[in-house]
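Please open the model in your viewer and keep the sequence panel beside it.

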Amino acid sequence: MITTDICIIGAGPVGLFAVFEAGLLKMRCHLVDALPQVGGQLSEIYPYKPIYDIPGAPEIKAQELVDNLKKQIAPFAPTFTLGERVETIERQEDKSFIVTTSDHTKIHCKVITIAGGLGCFEPRKPAIEQLEAFEGKGVTYMVKDPELFRDKHIVLAGGGDSALDWTIYLSNVAKSVTLVHRGDTFRGAPDSAEKVFHLAEAGKINLVLKSNIVKINGNGKLNEVLIEGSDKTVTTMATDYLIPLFGLSPKLGPIADWGLNIDKSAISVNTFDYSTNIEGIYAIGDINTYPGKLKLILCGFHESALMAHSAFKHVYPNQRLSFKYTTVNGVNAF
Amino acid sequence: MINITVLNKAGEERELEVPEDMGLNLMEILKANEYNVLATCGGMAMCGTCHVQVLEGMDNLAAHSDAELDMLDTLPDAESNSRLACQLRVDENMHGAVFKLCAEEDVEVA
């Protein structure tokens, strides 16, 4: 079991800055994020997007901001659980919490801070009949361990970079690889697209263009996909696995089940300290809502500071907090 | 004023009047009219969360940019009439167009 003072759910810019604010008050933080890397939507969706409204940074790329935040929090040595989604939170008798993730990691903490942005990033699912019924039974939305697919028949669907990259990679691992794509050209990296066409010409993969998977079948486990061509004819193909790769989409996920007051997919908070209706749980950044809320990174930073000062009272109920400026003795003097 | 028609995911239809001289794009118009469009990337054609289908008036709209086509290529429900609302500048060519929201989020209410 991981033990910490504050468990921060969401490792986007606001979650990262919350580590800094908590660190100034000598509180330990553990961050959990469903994505395999920190940075949230900045790193996942638009790492090269310029941002203009960060004080002191007239123009900064999204990933550069994340990298700077990582440097800024390094002195406080936060710990991370990445690639796992928080599923449950349980209140303990002493008012602390146990947070459990999708991979059964348990984190014992005194305070929970939800900095979940738009929620969890979940795979975009195509409209294929019976798709969800076969999840974990042959349908998977990511390739965590390519060895799982060794000597198996694989069908991938999609036309972006991940569909191209995994088609190329798995062509050396699987018994057969079929890539089904709606169009007849690929707009992913030109080099990857060229490799895929070469592999198809060499007979190393099956390339099914201008087609969509419309249905899947199996008996307890996936065993075939039905592919509809542009002429509406449907062909059946036997397969062990289907891997739809259509990117990620944000969803609120299990947060909706934790007993928090939710208003239009956001958590209602008290603007005094960004606390929720559950004592010891805070919500900061894009995931919260209150009158006048602006979904801006800089507002999330401000919320982090107020949250940390309130959280201090939960972590150290018997200590008095004296306010200090970082300019006096640097960050390590706190 | 530009008049457009918007169908939400439930199929409910609304006529919107849009000022043409404000330099807004369709995504901003949809958000201003309280459609639950995430537009996660803020209008950079990078997230696909403002995906619409053009039911009428497709031929009058400006051509797709490369970035828009790249993004549409990754959306499982994209069709030949798909566009990203953030890439559609509102001008007189949009008058009379009919859009169907594909990426509108279901709002969870406590």
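## Stop one: chain A as a whole

Select chain A and colour it by secondary structure: there are seven helices and 23 strands in this chain, where helices (H or I, at least four residues) and strands (E, at least two) are DSSP runs, numbered from the N terminus. This is a predicted model, in which local features need pLDDT of at least 70 and side-chain atom pairs count only at pLDDT 80 or more, while totals for chains, interfaces and linings use all residues. Residues are numbered from 1 along each chain as its sequence is written, chains are lettered from A and ligands numbered from 1 in the order in which they are written, and side-chain values use heavy atoms, with hydrogens and water left out.

Taken along the principal axes, the C-alpha atoms of chain A fill a box of roughly 70 × 45 × 35 Å. Now show the surface of chain A, whose accessible area is about 15,800 Å², with 51% of it belonging to carbon and sulfur atoms; such areas come from the Shrake-Rupley method with a 1.4 Å probe, and for residues only the protein chains shown count as cover. Of the 334 residues in chain A, 50% are buried, a word that stands for under 20% relative accessible area, with exposed meaning over 50% and partly exposed in between (1.4 Å probe, protein chains only). Among the contacts in chain A with a separation of 6 or more, 57% are between residues 24 or more positions apart, a contact being heavy atoms within 4.5 Å.

## Stop two: salt bridges

How many salt bridges does the structure hold over all chains? There are 13 of them, each one a side-chain nitrogen of Lys or Arg within 4 Å of a carboxyl oxygen of Asp or Glu. Side chains of opposite charge can pair when their charged atoms come close.

Select A:Asp5 and A:Arg28, which form a salt bridge whose closest N and O atoms are 3.3 Å apart. This pair links distant parts of the chain, 23 residues apart, with A:Asp5 in the loop between β1 (2–3) and β2 (6–9) of chain A and A:Arg28 in the loop between α1 (13–24) and β3 (29–33) of chain A. Is A:Asp5 buried or exposed? A:Asp5 is buried, with a relative accessible area of 3%, whereas A:Arg28 is partly exposed at 44%.

Next select A:Glu279 and A:Lys95, whose side chains meet in a salt bridge of 3.4 Å, N to O. A:Glu279 lies in the loop between β21 (266–268) and β22 (281–283) of chain A and A:Lys95 in the loop between β7 (86–91) and β8 (97–101) of chain A, so the pair ties together parts that are 184 residues apart in sequence. A:Glu279 counts as partly exposed, at 41% relative accessibility, and A:Lys95 counts as partly exposed too, at 48%.

Then move to chain B and select B:Glu68 and B:Arg83, where the salt bridge is 2.7 Å, N to O. B:Glu68 sits in helix α2 (residues 66–74) of chain B and B:Arg83 in strand β4 (residues 82–84) of chain B, so that the pair links distant parts of the chain, 15 residues apart. Both B:Glu68 and B:Arg83 are buried.

## Stop three: a histidine in chain B

Select B:His51, which you will find in strand β3 (residues 51–56) of chain B. B:His51 counts as buried, at 2% relative accessibility. Its side chain is joined to that of B:Ser82 by a polar contact of 2.8 Å, a term for a pair of N or O atoms within 3.5 Å; within protein, one must be able to donate a hydrogen and the other to accept it, and residues adjacent in sequence count only if both atoms are side-chain atoms. Leaving out residues up to four places away in sequence, B:His51 touches several others, including B:Leu72, B:Asp77, B:Arg83 and B:Cys102.

## Stop four: where the chains meet

Finally, show both chains and select the contact between them, which takes 25 residues from chain A and 25 residues from chain B. Chain A and chain B bury about 2,000 Å² between them, 52% of it on carbon and sulfur atoms; buried area is the accessible area (1.4 Å probe) that two parts lose on being put together, summed over both. A:Arg124, A:Arg182 and A:Arg187 supply 34% of the area that chain A buries against chain B, more than any other three residues. Across this interface of chain A and chain B the rule finds zero salt bridges, but six residue pairs in polar contact (both at pLDDT 80 or more).
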